[in-house]
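Reader: Before I plan anything around this chain, I would like to go through its model with you, from the whole fold down to single residues. Could you take my questions one by one?

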Amino acid sequence: MKLFLLDAYALIYRSYYAFIKSPRINSKGLNTSAIFGFVNTLEELLRKENPTHIAVAFDPPGGTFRHDAYELYKAQRQETPEDIRLAVPIIKQIIEAYNIKMLEVPRYEADDVIGTIAKKAEKESFDVYMMTPDKDYGQLTSDHIFMYKPKFAGNGFDVLDSKAIMAKYEVSSPDQMIDLLGLMGDSADNIPGCPGVGPKTAQKLLEEYGTIENLLENTKHIKGTLKIRLEENKEQIIFSKFLATIKTDVPIDFKREEFKRKGIDVEKLETLFEELEFRTLINRVLKKENAAAPPSTTHEAIQGDLFAELMPTAAVNDTTSYSGLQELKDVAHSYHLVDTDEKIADLITKICAHDFCAFDTETTGLDPTSSELVGMSFSFKEGEAYYVPVDENFDEAKKLVEKFRCFLENDTILKIGQNIKYDIIVLKKYDINVKGKLFDTMIAHYLINPELRHNMDYMAETYLKYRTIHIEELIGSKGKNQSNMRSLKPEQICDYACEDADITLKLKMILEKAIEKQDVEKLLYEIEFPLIYVLADMEYAGVRLDIEALAEYSKTLTIELQNIEKEIFGLAGSEFNINSAKQVGEILFEKLTIVEKPKKTKTGQYVTSEEVLESLKDSHPIVNKILEYRGLKKLLSTYIDALPLLINPKDNKLHTSYNQTVTATGRLSSSNPNLQNIPIRDAQGKEIRRAFIADKGCTFFSADYSQIELRIMAHLSKDPNMIDAFNSGEDIHAATAAKIFKLPIDQVTGDMRRKAKTANFGIIYGISVFGLAERLSIPRGEAKILIDGYFETYPQVKEYMDRCITIAREKTYVETIFGRKRYLPDINSRNTTVRGYAERNAINAPIQGSAADIIKVAMNKIFERFTAENIKSKMILQVHDELNFNVFDNELNKVQQIVIEEMENAYKLVVPLRADCGSGENWLQAH
């Protein structure tokens, strides 16, 4: 029989902090990170281990006997995050719905309750598994009591028996764990231990003396400072052992029947999961085949009750439950299959009689540049929609689509869509250039709630309490057996396609009111919606790659990689798998011992992340070589070998997708492939840009903003010194260095400028003294002088930063120059870590978001000018503050003039916007 005992708070905290940078937030503003993580961990346990008996132990409210004995016990711990306080009662309801016993005894911690039950159950022939990441539990292990530790990043569990504990902590018995903790202390619980005694010293002492008591009786055999410390802190050491001892005599009974695993209360659990919007869990845990698909990613925090305020009345009246979603069969609708010339002509007449129409395309795939039309759907009246099948033959399809040109290219009819950029790109292949004003429900929703998901299914459930037909119901789940829309009959597609257009229209009617209420109309209608046309044109145009150059470079780097590998083996004195973090750790920290106290993960594995290795690169030559090897390996796999495989065979170009609704700050992101993360700092990374080339008879032209975020900081902070530096045309980093180091600008060295540059950009991102010291590899004292000098140089920058945090605390959001909002509900958290993350975003979001908005304005203006002035050259790439163009040689001067004019005049700051430009045969030359 297997009894599992779960340490509730240890698992709850672990789950919460796993999502700290991108929390899961539901539509009611509830942070569900801790709940979701706890349930997933519980489910994985039940599925993998199938325990016969189970219980979850909670710490009681108020203090325990340890707090009574020692006022400072756990006193250093931060305030429990508010989101965890809200989550715990819900988690308890979920545990009740699972019919799992909960344990909680006043004045005793969960550790003590678990320890007591574990020892009692062992006597009744149970194998007991204590589920916790807390090392303290090691003292309880035996032949039948095990620690069941969740692995880092949710990769399963480690089972540790008494032998594993003894080996891991170098103790002779599990009981000796108590003496180990008593000697070295435990910072997590604020157990003092003996000053100056760490793990290694404690292990050596216990190896010789066995117990703390025996050690303290024999201090006469110990010499030097250690003897003095042990004798002076004798009482503290004994007391620390008392605090570290997990009780096994808590007044609680073990009645095996109460711990027996029982069936789930399906109805109760379904209600809870519906309220929490855990749609996947409904499907996975409760086997609900008709459960709605959930958002597929986690989300950062949003403003608390925003959704409730903006929902239609019908939804607001019942925001506490998401059960009973309506489906198509439950609502009145009039959907029509339009499959004759007469019906098509009649539909076109109807569409053109309206000022607006929602439309959607059904295609053979997800890539708009390679997919073909299967059909189109239209809706100009809620509850009414039309589906027009499109012939598989391209010429016939083109003739049909041509009939709808009078709508699609009509400047006066508003086009409504969900991710309408996709439809615009698809139609370009059929010689249709969609025109007129747009309303995209996905983008509208993004502006209201940037950190939520924006797919139509999710919005339909949230706003309309409606479950849409899911594509998997038509073509099957992902995998070999999945078909595509082309294989279906029009009658099978009709309701699905019509519903898409109908629901999109309904959502538009709701979202446009929300946009008005949130006061983001100008941002949406003047920046985001016009940008759709710009991005569609860029994606359709694509960029040409020099495949032969990439292939040659791949061979060069592969040889270089092999040479580095040999050097690493030579430095290590043996061969090993350089791609294995475990083996790298063993070589660096066991065989070569490059540092005395290497960092370890919670599972005891050495940490060999890039950040850690960067901090150790001066410790041994092998570290730099490993970093170099990893960098080259990533370049090869992510870009050099991968990019040619993504080229569209029809035009031999690479077509990335630009996403307007992914980043919370408003920046565009790029995917399939991601061209915004190509490394450019080292020579190898720069070489990748050489492979991006212009078309024949064209030039690659590049323009990028010069220090736009610092210029925005000058504008927002109104700092006179920073404004003067920009207005005088000085090198801002040299000017900053001159002021910090109190030197004439011509005496500033390259190293001084480098440090000032790091401070300039680091301050924007809320860099700390520790962070600056790490980044510049300088002592913290010097980093503090740098930061103090920076704020002395630019005092109003500090005032601006403080003002941002104050505004965020009052409003729970900050804004860009254009009114884009970044919601920060954690800004008033009593938990320092949680609040600190929100405060950094409060400072940075207005700057980074304003920069994103400005370049979007510039892109729109450039696109307008190109159209108005009949420019054939194309904007083809956007990378943060940089725009790239494929320019016909005879248009180069004109394009340069337009681009620089529009970039530098996109917005009037108190300092000038500056754009640098260049041109050449490829991206590297141009940049």
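Reader: Which two side chains does the polar contact of 2.6 Å join?

Author: This is a predicted model, in which local features need pLDDT of at least 70 and side-chain atom pairs count only at pLDDT 80 or more, while totals for chains, interfaces and linings use all residues. Residues are numbered from 1 along each chain as its sequence is written, and side-chain values use heavy atoms, with hydrogens and water left out. A polar contact is a pair of N or O atoms within 3.5 Å, where within protein one must be able to donate a hydrogen and the other to accept it, and residues adjacent in sequence count only if both atoms are side-chain atoms. The pair at 2.6 Å consists of the side chains of Glu43 and Tyr98.

Reader: Is Glu43 buried or exposed, and where does Glu43 sit?

Author: Buried means under 20% relative accessible area, exposed over 50%, and partly exposed in between, with a 1.4 Å probe and protein chains only. Because its relative accessibility is 11%, Glu43 counts as buried. Leaving aside residues up to four places away in sequence, Glu43 touches Tyr98, Arg284 and Val285, where contact means heavy atoms within 4.5 Å. Helices (H or I, at least four residues) and strands (E, at least two) are DSSP runs numbered from the N terminus, and the place of Glu43 is in helix H2, residues 33–49.

Reader: Which residue does the side chain of Thr363 meet in a polar contact of 2.5 Å?

Author: Thr363 belongs to strand E8, residues 356–363, and its relative accessible area is 8%, so Thr363 is buried. Its side chain also reaches the backbone oxygen of Gly365, at 2.9 Å. The residues touched by Thr363, not counting those up to four places away in sequence, include Ser371, Val426 and Met485. The side-chain partner at 2.5 Å is Tyr422.

Reader: How many helices and strands does the chain have?

Author: Of the 927 residues, 53% count as buried. Among contacts between residues at least 6 apart in sequence, 69% join residues at least 24 apart. The secondary structure comes to 40 helices and 23 strands.

Reader: Which residues does the cis peptide bond join?

Author: Pro673 lies in the loop between strand E16 (669–671) and helix H30 (683–690). With omega at about 0°, the cis bond joins Asn672 and Pro673.

Reader: Is Asn870, which has a positive phi, buried or exposed?

Author: Glu277, in the loop between helix H13 (266–276) and helix H14 (279–285), has a positive phi of about 65° although it is not a glycine, and Glu277 is buried at 5% relative accessible area. Asn870, also not a glycine, has a positive phi of about 60° and lies in the loop between helix H38 (832–868) and strand E21 (874–879). Since its relative accessible area is 65%, Asn870 is exposed.
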